[in-house]
Amino acid sequence: MNTNLVVRKRIAGLFLIIAGILFLLILRLGWLQFVRGEELQEKAVVNRLRQVPVEAKRGVIYDRNGKELAVSISTDSVGAFPAEVKHADAKNPGTAEKIAAQLASILDMPQDKVYQLITKNSSFVWVKRKIGFEAGPKIKQLELPGIEVYEESQRYYPNGTLAAHILGFAGIDNQGLEGLEVTYDEELRGKRGKIVIEFDATGRAIPEAVHKYIPPVDGHNLVLTIDETIQYIVERELDRVMAEKQAKSATIIVMDPKTGGILALGSRPTYNPNNYKEFPQQNWRNIATSNAYEPGSTFKIITAAAAMEEAVVKPEDRFYDPGYIKVGKETIKCWRSYKPHGSQSFVEGVQNSCNPVFVELGLRLEEKEKGLFYDYVKAFGFGQKTGIQLRGEAKGIMIPEEKLKLINVATIAMGQSIAVTPLQLVRAVSAVANGGKLMQPQLVKEIRDKDGNLVEAIEPVVEKQVLSEQTAKKLAEILEGVVSEGTGRNAYIPGFRVGGKTGTAQKPGPGGYMQGKYVASFIGLAPVNDPQVVALVVVDEPQGVYYGGQVAAPVFKRVVEDTLRYLGVTPQYNAQAEHGAKQEEGRLSTVPDLVGLPVIQAEKVAKAAGLTPAVQGEGPYVVKQTPKSGAKVKPGTKAILYAGERQGDNEQLKVPDVTGLRISEAARLLEALGLEMIPVGSGVAVEQEPIPATLVPQGTKVKVRFREEQTVETIGP
């Protein structure tokens, strides 16, 4: 009895234990099924399904005429499923090593690296991507377990280095890294697709199971303002000037002033975006937008524009250049201080790129209203980004307005003490060519989908009216004189009206300006009466001759001449007829100022100028002359000298200009007027005090500094 009771109790206890275990199992099953069911189901799917991303084709980048500048091409990539490789190796030891050896031979990779990849603890790995078209079929023929060849998209630039600094480049994952490729990466990239494959527990693909291909959506296309042909012209000239002048770097920008569209932009040194990793990273830098430099005399266009707009100067206003100008305690020399320009009109001052003239303009603006000149500098867009569709743009360097001194105004007025980017300067001068309208620079004008349908049109943007149309037109005509008669003669293009400005800036460095290091530049517009292009040429540290008029102006001429003819711009006049007229003009004589000179001296000066003197009246001095001084006449023209008496010995005399004369010549001229010369140095006269045209009493001493004629290293126009 007791035994049966014990047995029943044991059975009952065992039953209770089993019931408890079953209850717990049911609870656990319910927890897994209802509470964590969705989570575990997702994990199961992840374990069974493997996804291989498929990149979309990046959109095409076209020039303004529909020519392809950047495209996407198909290429093969090799991937591995390590679980399959390991499974094959488990069934047949040594298989993984054989696979690694075969792949390494075809892909030109180290065998141990390939082995590490294909046996990695991962569901999928890329062995090598973008391998071209030859290796892929060879690998497919081997039918290696766990190894697949996929078709991918690769960026390709059919013109190599052409427009590299504009286009930039894309990385191995088709992501934009530089240039427009990164700026418009979202539009160009498109949407990824994927390949979905189901595997069993051993890591083998299940033939009849899930195999999905979700196709990618290709990216949008860009249509640029760039013209491929003009870009070729620009880069041809960049290569030429770099070879001829052994320069550190060079930049050329060609802009349509009416829209702000960049027709071409190139820099040297450059790189090939198809294999960008093989070039130094500094070659990737777009110096046209990211490098700031002192513009030198090309900046005088801005000074002239501000002065003319504010009516502090008129074209006929006269200036006198003794070779320098004093601003407070500081003395600023003209670039041609060894042979000053002397008396000149404002128009002639622009043609001569005379520093004292532009310093005077800056000071006049500051005198009219404090900060007025700086307001114009900022209005033209200096000291701020232009808004170009490229990353990494620099703002330039400007002295803070609260720290601006009068000497800074003077130096900025002639293009020093300020640093600008080439693009800023092109935009500013384009405002002069565009009736005073400042445009936002533009590189992309349309975004289209893969079927060519318009997605977005990017219209030209007028930022502000910085000049009146009348001022802009008049200044453009004055700049034409720089090319026809001034420092920019080497930019002259037969048949076309061209205006522009030269620049030769000494490079600043620690403690001051660096000796022997210059930036030569030229900026111009054409045709002057209806500007179609504005172009800037900047050559950094040219070797040998470094003046902008001799280094950069000829480059500008070749670029703009070919561009105008390519664009079909009709020449404004017959170049041969104009050449004959210029030859005729070149034979004309300039009538010197003879009034106040002794008749004998005046006759000698007239003969030296190629004129035939004829004296009328009696008296030792010339009191009137015909033609007037400065007139252009044919050689041999009769110069009538009206002689007369001076009104007493105490009458004041006008100091003559003796610059350019030898000591003996200067002495004879001054002594004939009753003035005493104090010579300093030897050679030709380069500076005098009092300056020419000063009224002084008879017997005044005139200090004249002489210098031997030689090549003088100084900042040119």
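## A tour of cysteines and crossing helices

Search the whole structure for disulfides and you find zero. A disulfide is a covalent bond between the sulfur atoms of two cysteines; the cut-off here is a pair of cysteine sulfur atoms within 2.5 Å. Before you click on, know that this is a predicted model, where local features need pLDDT of at least 70, side-chain atom pairs count only at pLDDT 80 or more, and totals for chains, interfaces and linings use all residues. Residues are numbered from 1 along each chain as its sequence is written, and side-chain values use heavy atoms, with hydrogens and water left out.

Stop 1: Select Cys334. Is Cys334 buried or exposed? Its relative accessibility is 2%, so Cys334 counts as buried (under 20% relative accessible area; exposed is over 50%, partly exposed in between, with a 1.4 Å probe and protein chains only). Now pick Cys354, which is in no disulfide either. Cys354 counts as buried because its relative accessibility is 0%.

**Stop 2: α4 and α5.** Helices here are DSSP runs of H or I with at least four residues, strands are E runs of at least two, and both are numbered from the N terminus. Select residues 95-107 for helix α4 and 111-118 for helix α5: they pack at about 125 degrees, with their axes 8 Å apart. Axes are lines fitted to C-alpha atoms, for helices over the stretch in contact, and angles run from 0 to 180 degrees between N-to-C directions. So α4 is oblique to α5 (angles under 35 degrees are roughly parallel, over 145 roughly antiparallel, 65 to 115 roughly perpendicular, the rest oblique).

Which residues of α4 meet α5? Show Ala96, Glu97, Ile99, Ala100, Ala101, Leu103 and Ala104 in α4, then Gln111, Val114, Tyr115 and Ile118 in α5.

**Stop 3: α12 and α14.** Jump to residues 300-309 (helix α12) and 355-368 (helix α14), whose axes come within 10 Å and cross at roughly 45 degrees. That angle is why α12 counts as oblique to α14.

**Last stop: zoom out.** Show the whole protein chain, with its 22 helices and 33 strands. Of its 717 residues, 49% count as buried.

Key. Contact means heavy atoms within 4.5 Å.
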